[in-house]
Amino acid sequence: MKLNPIVAHLRLTCPTFADRIAGGIDWDAVVDSAQLELPAAYVIATADAATPSRAQNMVIQDITDQFNVVIVLKTSDERGQA
């Protein structure tokens, strides 16, 4: 899955984040390496699935990619009850 086009689109259409958008293959890798100021958004690849090939001598298949956008906000209420 190519996350760069998604990150670029979010940077273009979500000026609130002011380029504080990063992408990665899983949450653990992104949260450890991309220490962005808040508010920030992280694009994470979560799943992909491929249908069986429709041809015998070549690969013709549909591929479905799935991603999540995690938004991290600064809060003064640690428990999130406010």
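Reply: What follows goes through the sheet, the helix across it, the cores and a few single residues. Keep in mind that this is a predicted model.

Me: OK, sheet first. How many strands form it, and in what order?

Reply: The open sheet is formed by 3 strands in the order β1-β2-β3, and the pairing is mixed. β1 and β3 are at the edges with a single partner strand each, so one side of each has no neighbour in the sheet. From one strand to the next, the twist averages 25°.

Me: How do β1 and β2 run, and how many bridges join them?

Reply: They run parallel, joined by 4 bridges. Within that pairing, Ala 22 stands opposite Tyr 42 in β2.

Me: And where does α1 lie?

Reply: α1 lies across β1, β2 and β3, and runs at about 165° to β1.

Me: Which residues of α1 are buried?

Reply: Ile 6, Val 7 and Leu 10. Looking down the axis of α1, these buried residues fall within an arc of 100°, so they line one face of the helix. Asn 4 and Leu 12, on the other side of α1, are exposed.

Me: What covers that buried face?

Reply: The cover over the buried residues of α1 includes β1, β2 and β3.

Me: Switching to cores. Which residues make up the largest nonpolar core?

Reply: There are 9: Leu 3, Ile 6, Val 7, Leu 10, Phe 17, Ile 21, Ala 41, Val 43 and Ala 45. Two or more of these residues come from α1, and two or more from β2. Apart from this core lies another, of 6 residues, including Ala 22, Ala 34, Tyr 42 and Ile 44.

Me: What is Phe 17 in contact with, beyond its neighbours in sequence?

Reply: Leaving aside neighbours within four places, the contacts of Phe 17 are Pro 39, Ala 40, Ala 41 and Ile 71. Pro 39 is 22 residues from Phe 17 in sequence, but their C-alpha atoms are 6.1 Å apart in space.

Me: Back to Ala 22. Buried or exposed?

Reply: Buried, at 14% relative accessibility. Ala 22 is in strand β1. Val 69 is 47 residues from Ala 22 in sequence and 9.7 Å away in space, C-alpha to C-alpha.

Me: New topic: how many aromatic pairs are there?

Reply: The count is 1. Trp 27 and Tyr 42 form the pair, edge-to-face, with 5.6 Å between centres and 90° between the planes. Trp 27 is in helix α2 and Tyr 42 in strand β2, so the pair ties together parts that are 15 residues apart in sequence.

Me: How accessible is Trp 27, and how accessible is Tyr 42?

Reply: Trp 27 is partly exposed, with a relative accessible area of 33%. Tyr 42 is buried, with a relative accessible area of 5%.

Technical notes:
Residues are numbered from 1 along each chain as its sequence is written. This is a predicted model: local features need pLDDT of at least 70, side-chain atom pairs count only at pLDDT 80 or more; totals for chains, interfaces and linings use all residues. Side-chain values use heavy atoms; hydrogens and water are left out. A nonpolar core is a set of buried Ala, Val, Leu, Ile, Met, Phe, Trp, Tyr and Cys residues joined through side-chain atoms within 4.5 Å. Buried means under 20% relative accessible area, exposed over 50%, partly exposed in between (1.4 Å probe, protein chains only). Contact means heavy atoms within 4.5 Å. The arc is that of the directions from the helix axis to the C-beta atoms. Rings of Phe, Tyr and Trp (its six-membered ring) pair if their centres lie within 6.5 Å; planes under 30 degrees apart count as stacked, over 60 as edge-to-face and the rest as tilted. Two strands pair if DSSP finds at least two bridges between them. Axes are lines fitted to C-alpha atoms, for helices over the stretch in contact, and angles run from 0 to 180 degrees between N-to-C directions.
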